[in-house]
Amino acid sequence: MKRIRTTQFPRRQRAAHWLLALVLLAGAVLLPPSPAHAATTVTSMSYFSAADGPVIAKSGVGEASYGFVMPVFNGGSATWEDVSDDVGVKVKVGGSWIDIDSAGGFVYNQNWGHWSDSGAHGYWFTLSATTELQLYSKTNAGVTLDYTLVFTNVNTTTITAMTATQGPQLTAGYTGGAGFTYPVFNNDPSIPYEAVAGDLRLYVKPVADTAWIDIDNNAASGWIYDSNFGQFTDGGGGYWFTVTESINVKLESVSSGASLVYTIAFNAPVRNSYTLTAYDGTSYSADASGAIGIPLPRIDGNPAIGTELDGFVYEILIDGQWVDLSDSGQSSFVYSGSGYNNMSDANQWGYWADYIYGLWFQPIQEDMQLRIGYPANGQPGGSVGSNYVTYTFIGNPNAPRPDVSDQGDVAIGTPSDPAIAGMNLIWQDEFSGTALDTSKWNYELGYYIGNDPNSWGWGNAEMQHYTDSAQNVFVQDGKLNIRALHDYQSFPQDPSRYATYSSGKINTKDNLSLQYGRVDIRAKLPTGDGLWPAMWMLPEDAVYGAWAASGELDIMEAKGRLPGTTSGAVHFGGQWPVNQYLAGEYYFPQGETFASDYHVYTMIWEEDDIKWYVNGEFFFKVSREQWYSVAAPNNPDAPFDQPFYLIMNLAVGGHFDGGRTPDASDIPATMQVDYVRVYKDGEGGNPGGENPGEEPEQPGTVVIGDEAKGIKKTGDDLLFYVNGATFADLHYKINNGPQLNVAMSAAGGGNYTYPVNGLQPGDTVEYFFTYNPGTGALDTSWTTYVHGVTQGVPE
């Protein structure tokens, strides 16, 4: 097992929320990006910390990943955003500094690049040799900062014995956190983890059980890397876990069977009552960034544990009334489960976890009061009575709030005229007929995803099944109607389980797909507990893997019980349950709701950002620095660089609003859609296919590799190449099939090629070369290419 937290962008993004917890609890300053302003030149640079230069040493088998935080610019008076256009990178080659883009072997977003996380920025590199780097000012030639990234290659070995360096008896804290450093391998403290990683397996089981669970790449077990277990590098490295019960952990050698067993004990506190008391005070002041972090109150004198978090009630005092913090339309606070979103100017809140649990808030610019309650009987949803702790927040009026003034509002069409200046209408449905146009829309049917009985309620514990009945989906008076009805049904996947309601869900898959553009949907939404109308998009082809690794775009989602608010969101990251999301909310003006009239919901999807609007009014933006796909860590556009299709549905119940169910008076409920319009900026044509009469665009050639060796990709064809050699052989496997070993064809001048043609999206090619560059034959390391995923540079 070799999976270490690296400093490359996706891993940094997931790991940084632990850092945020530590920073907030300690009361330190964590500054978000400053509001956008004119570019600044660099007059000085200094290392961010001792761990971020000038020398960073790593070891690995063949290569290692490095990363460091951006330096302090201009004595701290300038941020990375201020100076980014003025900072370049050089590499020392043959004793001379050469711009990294001109130095052979460096390809941006393949073996080096930028990372960005929660307002922090830096560089990452994947190297196989010690390398000297230099950051420099493009304007002020004398301003530079040097780095040495020291690489030590590690020879692999197998494990014959292991001795614990910590434990093997350990006790988890209140949040379930515990960990241990790597053991001594083969009675030799000089053997690093990297040398034996390929021979090491990790198993877990509850203490009371007998069966061990292999948790490597086994998210179905409930053990998710970088979520409730992972690895750290400090102090030589080791494993960390977040547990909810006492467990055993076993490290075992694949080759010899040598093993070492640890016990992590989790001691849940005994509750004699559920009375709350403040953890360490009730008054908190916002720091320079406007952040406040408070530990959750003690329950019966002890900190809360993870299984008790659902019982807490959070309320904020607004105009003399206590308002549910999650009711963002009244509280003005948006829950941000992925950490502070510096692209949004909303008040935000979320959880943190260090040795205890707590809440963070940002940016707090005004004084306010918050109270936290817990049911007196300890049961979520029970009566809280007077069991509250009240907190006073002292705001910082000078705290920065992200500037979204550059995100102007947009023009929208009228019900009778779709024209928008500068936009080309490429697809529309005005619902002017008497029935759903099935040349544009497909019905989705049933109650299960596929035939999986565990996916009932569409994987979200929803209570409706979808039909193609005119009772649920119909066109009338120029409007599409999607209606939810009481309609009990069971299905073959699990005949004993019943869906309580019927409703409608339609999509444009294989009829319309869009990669970049604008979608406008004019709709009127129903109110009621547990109602969940949605307009959203999924990829035509899941080239990066199952949901949400290949992404989801939510144009509009609404909770029927909160008619003053709608939201937009993106889902990305890894396959469930290792998925991530970012969401923003729109608040209707006083006196308006999503049910009082028809409103236009707009999403504008560009290559580097996605923006949301209601009635043309901007309210949310996500940039590509914030999203990623674990299947394509070197592709900053993934997963939102593929065609997506439209979906509209009305769901009932489910996880979106905490499993709430409608009152009898809420059903029937109807979502009405006046039109759906899709635009391109200055472009025409059908985004789902070629324009009639036009010649198809010829695919360009991109290169994945360096001057000596690699791949040239043209469309679905690959041309492997080796240059400057006396001979060259290619060894490759497609989709983990048999290894093929071929002699490459001489192309003249010491250059060799070999074609592999006709690949399909998602095909995986593993390969290495054997060649003689004139200094003796050598083998390269195995490299993996994924068709449609692996990025290159234009030839």
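Predicted model: local features only at pLDDT ≥ 70, side-chain atom pairs only at ≥ 80, totals over all residues.
**Strands and cores, term by term**

Trainee: How do you know that β15 and β16 pair?

Mentor: β15 (residues 200-206) and β16 run antiparallel over two bridges. Numbering starts from 1 along each chain as its sequence is written, and side-chain values use heavy atoms, leaving out hydrogens and water.

Trainee: Why is β16 called an edge strand?

Mentor: The open sheet runs β12-β20-β19-β15-β16, with mixed pairing. β12 (169-171) and β16 (213-214) each have a single partner strand, so one side of each lacks a neighbour in the sheet. Strands here are DSSP E runs of at least two residues, numbered from the N terminus.

Trainee: And what makes β5 and β6 a hairpin?

Mentor: Two residues sit between them, and G94 in that turn has a positive phi of about 60 degrees. The strands, 87-93 and 96-99, pair antiparallel over four bridges, with V93 opposite S96.

Trainee: What makes a set of residues a nonpolar core?

Mentor: Its members are buried (under 20% relative accessible area, 1.4 Å probe, protein chains only) Ala, Val, Leu, Ile, Met, Phe, Trp, Tyr or Cys, joined through side-chain atoms within 4.5 Å. The largest one has 56 residues, and L480, M535, M537 and M648 touch the most other members. A second, separate core of 32 residues includes V154 and L170.

Methods: Pairing = 2+ DSSP bridges. Buried < 20%, exposed > 50% of the residue type's maximum accessible area, 1.4 Å probe, protein only.
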